[in-house]
Amino acid sequence: MKILNKNKIIVSALALAIGASLAGSISGTVAWYQYSTRANVAFIGEAGGFSGNLQMRFASESADENAWRTKITYDQLNDELADTGYASKIVPMTYGALDKDGALPASGGYIQPLAGQADMTKWAKAEKANYAQFNLQVRYQERTNGTEANVERNVYLTKMVIQEDAKSINEGKGDLTDAIRVHIRTNDGTNDKNRLVSAKGKQIDVKGKLDLDGDHHDDQAYPENDEFGFGYTDDTYTDRHQLQDIIYGDDGNDETKEIQTSYNITNAKEEPGVHYSQEEIDAAQEGDEAYGKTTDDWKSEPVNQLVVYSENNVLYDNADKEQVTANRAIGKTVASETNYLNITVTIWVEGWQKLEGSAIWDANYIKSLFNVGIQFGVQDASAL
């Protein structure tokens, strides 16, 4: 007989609209993929072997033992987001500086930079409606010769899709793919793990000059303590103050860098990144890719890989089929009947992402739709 091993779960087609109500705009399903493994018949004539199920439920269903299931429908996901108050009005926002393995700041995120105010913490705070977030409990239930128990298994990100929604393509809307961020936090009761993922995984600045007033010049201002530039400081006259460029998002600490790094959604072998060589620069003609570059410029930017490579239901670290390692896992299921791996997924539109070369976006991005598909999996039992 065939022993079934269901080892992957999918959160797919979560369509979110920027700058518009999501009522009727969210579509999402969580499905199970079922895989056959091997048959193993014991000598006494009884079918033996193993099977395992990677199962999930919303954390809000933790009191319901019957909530473990193989599929979370569009309606269920939509209701969960609505019940918890998330994702009804997606707008560009930022959490500021973030490392690819960093936790989201407890202070939360911020929306719409305040004209003239460099300090991000003085901007409007992001509310639940401005981003999507949902919480899952995940277990791996193993059955061996009729015995059933939850066991420890490393859980990996086996696939992720971030793409423009077909409706936006048909309507000629701007493509928000590069601006989408997916943060995955896991906790097994002992350990926290955090992963930030984007379509390209490139490092971006989360501070800079902006033209918020639309006068085609970067915003400038007098010092904060002399709004009109008269040169008075604590009732003491100084030379007239000069307008200065506003660096939005600057935390005022030169020892910290306001940057954001993230993992890439591809599952190819990790790319270390390559700089232009001096030989390439010396040989470059006007119009060539290396023309005007220095050896500090990237020819191909480094990409941080997180998604593992999957083939025939077996997981590998990369396309060279090196054995998948625990350090690529996003978390681990728990050997317990009462405690589980908790996964919190947060999805937002990163306002500091440059689109068409600028962090000031065209109005064509309003009401753009995007899709995020996330697949979690464990190693096939036959490969352990």
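By buried I mean under 20% relative accessible area, by exposed over 50%, and by partly exposed anything in between, with a 1.4 Å probe and protein chains only. With those cut-offs, Glu-356 is exposed, because its relative accessible area is 72%. What we have here is a predicted model, in which local features need pLDDT of at least 70 and side-chain atom pairs count only at pLDDT 80 or more, whereas totals for chains, interfaces and linings use all residues. Residues are numbered from 1 along each chain as its sequence is written, and side-chain values use heavy atoms, with hydrogens and water left out.

Let me stay with Glu-356, which sits in the loop between β27 (341-350) and β28 (369-377); helices (H or I, at least four residues) and strands (E, at least two) are DSSP runs, numbered from the N terminus. Glu-356 is not a glycine, and yet its phi is positive, about 55 degrees. Ala-87 also has a positive phi, near 65 degrees, and is likewise a residue other than glycine. Ala-87 lies in the loop between α1 (74-84) and β6 (92-94), but it counts as buried because its relative accessibility is 1%.

Now to Gln-133, in strand β9 (residues 132-144), which is buried at a relative accessible area of 16%. Which residues does Gln-133 touch, leaving aside those up to four places away in sequence? They are Leu-81, Tyr-86, Thr-344, Val-345 and Thr-346, where contact means heavy atoms within 4.5 Å. The Gln-133 side chain makes a polar contact of 3.0 Å with the side chain of Tyr-86, and another polar contact, of 2.8 Å, joins the side chains of Gln-133 and Thr-346. A polar contact is a pair of N or O atoms within 3.5 Å; within protein, one must be able to donate a hydrogen and the other to accept it, and residues adjacent in sequence count only if both atoms are side-chain atoms.
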